[in-house]
Amino acid sequence: MLDWNDLRYFLAVARKGSTLAAGRELRVSQTTVARRVAALEEAIGLALFDRRQAGYSLTTDGEALLPRAEAVEEAARNFSDAAGAEVRELHGTVRLSTEEIFSVTLVAPMLRELRAIHPEILIELDSSVDVRDLGSGEADVALRSISSDPPVGVVGRRLCQDNWAFYCSRDYAERNGIPLRVRDLRKHQIVGGGGGNLWRAYSAFLDKIGMTHHVAMHQASSTGLLAAVRSGFGLAVLPCLVADDDPELIRCLPPNQDHKRSMWVLTHERVRHSARARVVTDFLYNRLRRRVEELKLAA
C-alpha cells in the first residue's frame with residue numbers, strides 16, 4: 001500500500017539532489033529519507049532515482065511522476081488552508097433564540113456537549129418572550145414554533161408537531177386523581193399564564209373549553225407553568241417535547257392537535273453558510289430530532 005507521506009520524501013530528494021540535504025530540510029536523518037524513498041519505490045514497483053556517488057538523480061519514471069507528486073502536494077496544501085479557514089470561521093458568537101421553557105429544559109443541557117466539541121463557539125442563549133427577527137440579525141438561529149412554512153429569507157428544518165397537553169405531578173395525581181376527559185378538568189385547579197403569545201393562545205384554548213374561571217394561579221413565564229405543575233399546585237398545558245419523559249409529570253389528556261403548529265430549527269439566508277451557524281443548527285436539529293424519535297412524537 002502506498003503511504004502518501006512518502007511523497008514528501010520523494011519531492012525533497014528530487015529538489016535537493018541528495019538524501020542528506022533532504023533530511024536537513026525535513027529535519028529527519030539521512031537514513032530515514034533513504035528508507036522512505038525505498039519504501040515508496042517498492043510500493044509502486046518503479047525506480048524513481050539513480051543512486052550515484054554524487055547524489056540522487058531522477059530516473060525517467062521519476063521525471064514522469066514528479067508533476068503528479070507536486071499536484072498531490074498542492075492539493076494537500078489547499079486542503080490544509082481550507083481547513084484552517086474553516087476553523088478560523090468557527091471562532092465567534094452564535095445568538096440562539098427560543099421560548100424559555102425550551103431553553104431551560106432542552107437547549108441549555110445540550111450546550112455542554114456542543115461546548116466540548118466546539119469550544120471556539122460562544123453561544124448567546126436568548127429566552128425572551130419576544131420573537132427575535134432573524135432577518136435583522138436579532139438572532140442567528142432559532143428553535144421556534146410556527147403555524148406555516150418559514151417566511152421569505154428564513155430557512156430551516158422541521159422537527160415535529162408542536163403539541164401541548166395538560167400535565168399534573170405524580171403527587172397531585174395521588175391526591176386528586178387524573179382527569180382523562182375535558183369535562184373532568186372542572187374538578188381540578190388550573191395554572192394559567194406563560195406570558196406573551198403563549199398566554200394568548202392558552203387563554204383562548206381555556207375559553208374554548210369553558211375553563212377560564214377555573215384558573216387558580218397565573219404564572220408570568222412558561223418555566224413558571226412548569227414549576228407550578230411540578231410543585232403539585234395544579235394542571236397546566238406544557239409542550240409534549242419537554243414533558244413527555246419528565247419522571248415527575250403525568251400527561252392527563254391527549255394533546256390538542258387543531259393548532260397546525262410545528263417546531264422548527266431556523267436560521268436566515270444571510271448566515272446559513274456561516275460555519276458557526278451551520279454547526280449550531282446541525283447540532284441542535286440532530287439532538288432534538290433524536291429526542292422526537294425517542295418520544296415517538298407526531299411528525
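1. Basis. Because the model is predicted, local features need pLDDT of at least 70 and side-chain atom pairs count only at pLDDT 80 or more, while totals for chains, interfaces and linings use all residues. Residues are numbered from 1 along each chain as its sequence is written, and side-chain values use heavy atoms, with hydrogens and water left out.

2. The sheet. Five strands form an open sheet with mixed pairing, in the order E4-E3-E5-E12-E6. The edges are strand E4 (121-126) and strand E6 (154-161), each of which pairs on one side only. From one strand to the next the twist averages 25°. Strands here are DSSP runs of E with at least two residues, helices are runs of H or I with at least four residues, and both are numbered from the N terminus. Two strands pair if DSSP finds at least two bridges between them.

3. A parallel pair within the sheet. Strand E3 (residues 92-98) and strand E5 (residues 141-146) run parallel and are joined by 3 bridges. Which residue of E5 is the bridge partner of Ser-97? The partner is Ala-142.

4. Helices across the sheet. Helix H5 (residues 100-117) lies across E3, E4, E5 and strand E12 (262-268), and runs at about 175° to E4. Helix H10 (residues 275-295) lies across E3, E4, E5, E6 and E12, running at about 10° to E6. The axes are lines fitted to C-alpha atoms, for helices over the stretch in contact (heavy atoms within 4.5 Å). Angles run from 0 to 180 degrees between N-to-C directions.

5. Arg-287 and Glu-113 meet through their side chains in a salt bridge of 2.7 Å, N to O. The pair links distant parts of the chain, with Arg-287 in helix H10 and Glu-113 in helix H5, 174 residues apart. Arg-287 is buried at 17% relative accessibility, whereas Glu-113 is partly exposed at 36%. Buried means under 20% relative accessible area, exposed over 50%, and partly exposed in between (1.4 Å probe, protein chains only).

6. Other salt bridges. The whole structure holds 21 salt bridges (a side-chain nitrogen of Lys or Arg within 4 Å of a carboxyl oxygen of Asp or Glu). Side chains of opposite charge can pair when their charged atoms come close. Arg-77 and Glu-74 form one at 2.6 Å, N to O. These two residues are 3 apart in helix H4 (residues 60-90), so about one helical turn separates them. Arg-77 is partly exposed at 40%, and Glu-74 is partly exposed at 37%. Both belong to a network of salt bridges that also links Arg-15, Glu-70 and Glu-73. In another salt bridge, Arg-181 meets Asp-184 at 3.4 Å, N to O; Arg-181 is partly exposed at 44%, while Asp-184 is buried at 14%.

7. Grid points are joined across faces, edges and corners, and a volume is the space filled by probe spheres set on the points.

8. The largest pocket. About 960 Å³ of space lies in this pocket. Its lining has 35 residues, and those nearest the centre are Asp-162, Trp-164, Leu-198, Ala-201 and Arg-261. Two or more lining residues come from each of E3, E5, strand E7 (164-169) and helix H7 (196-208). H7 gives the most, with 7 residues.

9. Helix H8. In H8 (residues 222-230), 7 of the 9 residues are buried, among them Leu-225, Leu-226 and Val-229. Gly-232 follows H8 and has a positive phi, near 90°.

10. The chain start. Leu-2 is in the segment before helix H1 (6-16) and is partly exposed at 32% relative accessibility. Leu-2 touches Leu-40, Ala-43 and Ile-44, not counting residues up to four places away in sequence. Its C-alpha atom is separated by 48 Å from that of Gly-153, 151 residues away along the chain.

Conventions:
1 Å grid on protein atoms, 1.4 Å probe; cavity = no way out; pocket = protein on both sides within 12 Å on 5 of 7 lines; lining within 4 Å.
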